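Please look over the sequence and the structure shown here before reading on. The notes below concern the surroundings of two ligands.

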Amino acid sequence: MAENQIRVLIAKPGLDGHDRGAKVVAQALRDAGMEVIYTGLRRTPEQIVSAAIQEDVQVVGLSSLSGAHNHLFQKVASLLKEKGHEEILLIGGGIIPEKDRKQLEDAGFDRIFSPGTSTEKIVSYIKEKVNG
Amino acid sequence: MGEKIKELAQGIVKGEERALARGLTLVENRKEGYQELLDLIYPEVKPCPIWGLTGAPGVGKSTITNFLVDKLAQRREKVGVIAVDPTSPFSGGAILGDRVRMMDLAGREGIFIRSMASRGALGGLSPAIMDAVSLFQAFGVDRIVVETVGVGQSETDIVSLADTVAVILMPGTGDDVQTIKAGLLEIGDVFVVNKADLEGAETLAGLLQSMLSGKNDDENRVPVVLKLIASQGKNLEELMSFLEKHQEYIETSGQKERKERMRTEMALKMHLQARYQDLFLKPLLGTEKWEQAISSINKREKSPAFWAKKIISGSE
Ligand SMILES: Nc1nc2c(ncn2[C@@H]2O[C@H](COP(=O)(O)OP(=O)(O)OP(=O)(O)O)[C@@H](O)[C@H]2O)c(=O)[nH]1
Ligand SMILES: [Mg+2]
């Protein structure tokens, strides 16, 4: 039945803020039939990457509410690369300034969603990338 | 295919995290090669104690698991954690949120945590969980902790899986007698009233105690009731030492063999059920025969029981 069950890890690195946005996305992904490993707030890049490896997810999604976590995002990308997990689809979202988006995509993110992106769009992006 | 699976099996037996992670996905999805993988690792399975924690959503299972695993890891034990959450029956998706309370364990040496959705198992344990245990034991862990949400069947399943079962409850969920659902008293080796900082803990613990004392089938097995405040770390040490004492009892009293047998029986049953589904049910759905049965039942010609028998026996 669940031959190609999509598993996604959702995390919010950094110290500030709430995780409402991340939760909304997590629920949308669940409603689209995915299994979402939700890790909550204040995660270090090392914790996120370790969890992603043990959970064998195809997708890691990071949320940020400010541009302040650019370096944490980049650290996740570089750790995944270092551990040989570039095949994991790495996406980000929340409130990330335009100029940072480019930088992150250069650093190894497959996609940074702009603020206000609909959850439908995120769902179909993931499905297409993982299955198609 | 064969070579890849062999490599994967070797990786698991050598204790490679990545191989274990991939292997777990393979058995969970029951993809091609999963049986081959299980066959390869099976001779390498090294049994280890299994602790089970079960209870209603939000009672504090993950907070408690987090503490126990932290303690075990401090003693340089290698620990495997399997955290099961229910699959949404509507979408087939799931939110697996147990890591929220266990994040301090992430990335620490000797700890491997895997979140699993119940998938087809209707809230109970699935064959995948039995297989996951085998993979962990081939990988080489000293102990496995399984967290399951106590809904319906999984509560009784956990007895067949774990050597020691802790049933977690909390006060203030309405009628306490209702909270102690039928069947619950039979499965616990220890009963934890968590959130003892909230009102009603004393009453709930007292009620449990009196309900349990009427059930002293075997003196050694009269379950213990503990009051905990897991979020403040209160009394967790007591739970830990109970679990260890119970493990000793299991190992010295001949219970271990009995548990082993229960586990094997359940694994075999679950695999048989899954095979039945694959062989009988799935190919049947949507076929002419299926439609014929549906319409005959709807017209009140024959009962579902009639058709089930007819289909299985294959007779016309
Ligand atoms: N007041 C109080 N809250 C607690 C206690 N232990 C845990 N909690 C809180 O209860 C909530 C649920 O805790 P979890 O450990 O996630 O519970 P769980 O049983 O694993 O939950 P599910 O896996 O979702 O079923 C969290 O907000 C905890 O902080 C306690 O002793 N007292
Ligand atoms: Mg939990």
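How many residues surround ligand 1, and which are the closest? There are 16 residues around ligand 1, and the closest are B:Lys61, B:Ser62, B:Thr63, B:Asp98 and B:Asp197, where a residue counts as near if one of its heavy atoms lies within 4 Å of the molecule. This is a predicted model, in which local features need pLDDT of at least 70 and side-chain atom pairs count only at pLDDT 80 or more, while totals for chains, interfaces and linings use all residues. Residues are numbered from 1 along each chain as its sequence is written, chains are lettered from A and ligands numbered from 1 in the order in which they are written, and side-chain values use heavy atoms, with hydrogens and water left out.

**The shell around ligand 1**
- The shell divides into six charged, six polar and four nonpolar residues, where Ala, Val, Leu, Ile, Met, Phe, Trp, Tyr, Cys and Pro count as nonpolar, Asp, Glu, Lys and Arg as charged, and the others, Gly among them, as polar.

**Polar contacts of ligand 1** (pairs of N or O atoms within 3.5 Å)
- A polar side-chain atom of B:Thr63 is 2.5 Å from an oxygen atom of ligand 1.
- From the backbone, an N or O atom of B:Gly60 lies 2.9 Å from an oxygen atom of ligand 1, and a polar atom of B:Val59 lies 3.2 Å from an oxygen atom of this ligand.

**The magnesium ion (ligand 2)**
- Its protein donors (N, O and S atoms within 2.8 Å of the metal, or 3.2 Å for Na, K and Ca; water is not among the atoms, so sites may look incomplete) are B:Ser62 (OG), B:Asp98 (OD) and B:Glu147 (OE), at 2.0 to 2.2 Å.
- Along the sequence, these donor residues follow the spacing S-x35-D-x48-E.

Conventions: Polar contact = N/O pair within 3.5 Å; in protein donor to acceptor, adjacent residues only side chain to side chain.
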